[in-house]
Amino acid sequence: MPRLLVIDDDRAICALAEKALASIADITTAGTAAAGLDLVRQGDFDAVLLDIQLPDQSGLAVYCEIREHDRRIPVIFMTVEAASNTAIEAMQLGAFDYIGKPLSVEPLRNLVEKAIEQRQISSVPVAISADEDDLDSSKDLFIGRSPAMLQVFKAIGKVAKQNVPILIRGESGTGKELVARALFNYSHRSDEIFLAVNCAALPDNLLESELFGHEKGAFTGAESRRTGKFEQCNGGTLFLDEIGDMALTVQAKFLRVLQEQRFERLGGNKELTTDVRIVAATNRPLEQMVADDEYREDLLYRLNGVTIELPPLRERLSDVPALIRFFLAQARREFNKPDLEGLSPEAVDMLTAYTWPGNVRQLRAVIRRCVLDAVLPVITPDILPTEVVQGGSHSNSNGLADSSKSAAAGSTALSDVAAVPGVSDASTPNASTPNASNPDVSNAEVTDAEVSDTPAGADGTELPQLVRRLLKEKSTNVYAEAMEYMEQYVLMQVLQETDGNQSQAAEILGITRGKLRDRINTYRIRLKGDVSQEK
């Protein structure tokens, strides 16, 4: 059975974990940081539940020592202020997740199960490693050995040194610009300039000015002469992406450059010459556009003389592992995650089974996102995007969208489960806080315990009455709600007994004064004048 270590000086929390999680893990508890670290060094735990505020050491410091001992152990922080800066810092350090107190059984169980599952998966050797040597060997070259990509490589080799215009066709995200750069790198013009223009990103008049330049006063706002890309790129290679989005008026001037290497600036009458090699790309059906009078037929024939067809990623899925390896190493270096080892076999299976409608660009984005979200050395299916998980062979796994909700589920569930009017998280703006200058409020006028704010629907203050109501409603959180009710009642009784003196109350309760202050904030217990709960 998996082993779970709970490090918290609150015995109620340890008891709740032992009861709620006994069916999924063998529970070991520790009340101090020192005891917990000793257990970590001696045992082999699959996950750790760690309180951020411990009596002898900060939970963040404890986490750093656990990570140094074994960085594969998922650590889940427990905190009263689930939205506090401390919790954010914990996630920045690489914690698996955090959950708010009071604990809710179902979110806690789900989170621990997920942590244990990732621990077991990450213990298996990675199927694809994040080897940064791949970056040095690949550089800007193509990655892939599929038959479809071999045909692309052959085509590049045949025409790279030929001074003819080339049309690259393929879906968005397949790497058309990479083909254009490869053609440039292997051409006689590799020592000259390479410029790229996206024809779809500019309005018609701006595209014309961008390509051909303009004279001063050619149009409103043309305050000086502008040199266009055909002049700037003289002797080099000009890559025109999304050539199918070029307006008909611009197509006519562009056709003349292709045929004669001559053009005029916008608003000018002087004919200029250039020596530029044109590489164009499109994902649009140009033949159909010609039939619909949206594209010039003579320009299509001029561009279509030499065509390189770039296959979509779904037609070369055998290249996916090599692409993953390259993008993984790239993201590992960029995001400074030296501890990242690679992807689990299950994650690789899902990635290679997906059809990738966004092609290589989508794959790169997914890998980068996974590297950013990874808190363990191995990327597991749990942090893959939902569309990849559902589109792969293991549709029953949790996707990234579910994973991203775990922290929110843990922190918001306390209000759903507790359902106590007037009770809120310590981060609630209206929550009362102890007197900073004198936290041990004494000589308070004590009245009868005001524990009338019982869980919604209860008619009295007795615990049996609450339990009977919850059972009647078929609640699945009886233990958690009863424990919270009991904790409020005990705190109120002890604080009234000590006239609001927190030091005495903490000693009687067997917890630290800081822990007691957290509980006072959580349950909005008022210590001024009398000991009561805010409505």
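Predicted model: local features only at pLDDT ≥ 70, side-chain atom pairs only at ≥ 80, totals over all residues.

Student: Where does asparagine 336 lie?

Tutor: You'll find asparagine 336 in the loop between α14 and β16. Look at its backbone too: phi is near 55°, a positive value in a residue other than glycine.

Student: And what is phi of lysine 474 near?

Tutor: For lysine 474, phi is near 60°, again a positive value in a residue other than glycine. Lysine 474 sits in the loop between α20 (463-472) and α21. With 71% relative accessibility, lysine 474 counts as exposed, because the cut-off for that word is over 50%.

Student: While we're on the backbone, which residues does a cis peptide bond join?

Tutor: Lysine 101 and proline 102 are joined by a cis peptide bond, with omega at about 0°. Proline 102 belongs to the loop between β5 (97-100) and α5.

Student: How many salt bridges does the count come to?

Tutor: The count comes to 29 salt bridges. Let's go through a few pairs.

Tutor: Take arginine 71 and glutamate 341, whose side chains meet in a salt bridge of 3.1 Å, N to O. Arginine 71 is in the loop between α3 (59-69) and β4 (75-79), while glutamate 341 is in the loop between α14 (320-334) and β16 (342-343), so this pair ties together parts that are 270 residues apart in sequence.

Student: What are the relative accessible areas of arginine 71 and glutamate 341?

Tutor: Arginine 71 has 29% and is partly exposed. Glutamate 341 has 24% and is partly exposed as well.

Student: Are lysine 114 and aspartate 382 buried or exposed?

Tutor: Both lysine 114 and aspartate 382 are buried. For aspartate 382 the relative accessible area is 8%, which means buried because the cut-off is under 20%. The side chains of lysine 114 and aspartate 382 meet in a salt bridge, at 4.0 Å from N to O. Lysine 114 lies in helix α5 (residues 105-122) and aspartate 382 in the loop between β17 (378-379) and α17 (386-391), so the pair ties together parts that are 268 residues apart in sequence.

Student: How far apart are aspartate 382 and glutamate 346 in space?

Tutor: They are 9.9 Å apart, C-alpha to C-alpha, and 36 residues apart in sequence.

Student: Which residues are linked in a network of salt bridges?

Tutor: Glu215, Arg225, Glu231 and Arg265 are linked that way.

Student: Next, how do I describe two packed helices?

Tutor: You give the angle between their axes and the distance between the axes. Here, α14 and helix α16 (residues 359-373) pack at about 45°, with axes 9 Å apart. That angle makes α14 oblique to α16. Their crossing is right-handed.

Student: At roughly what angle do the axes of α21 and α23 cross?

Tutor: They cross at roughly 115°, and the axes of α21 and helix α23 (residues 513-522) come within 11 Å. So α21 and α23 are roughly perpendicular to each other. The crossing of α21 and α23 is left-handed.

Student: Last one: which residues form a nonpolar patch on the surface?

Tutor: Leu463, Met486, Tyr489 and Val490 do, and together they have about 300 Å² of accessible area. Helix α21 (residues 478-497) gives the largest share of the patch, three residues. Methionine 486 lies in helix α21, and at 37% relative accessibility methionine 486 counts as partly exposed.

Note on methods
Residues numbered from 1 in each chain as written. Heavy atoms only, no water. Patch = residues over 30% accessible without salt bridge, like charges linked within 9 Å, V, L, I, M, F, W, Y side chains within 5 Å. Areas by Shrake-Rupley, 256 points an atom, 1.4 Å probe, with all protein chains shown as cover. Helix = DSSP H or I, 4+ residues; strand = E, 2+ residues; numbered from the N terminus. Buried < 20%, exposed > 50% of the residue type's maximum accessible area, 1.4 Å probe, protein only. Axes fitted to C-alpha atoms, helices over the stretch in contact; angles between N-to-C directions. Parallel < 35°, antiparallel > 145°, perpendicular 65-115°, else oblique. Left-handed = near helix turned anticlockwise from the far one by under 90°.
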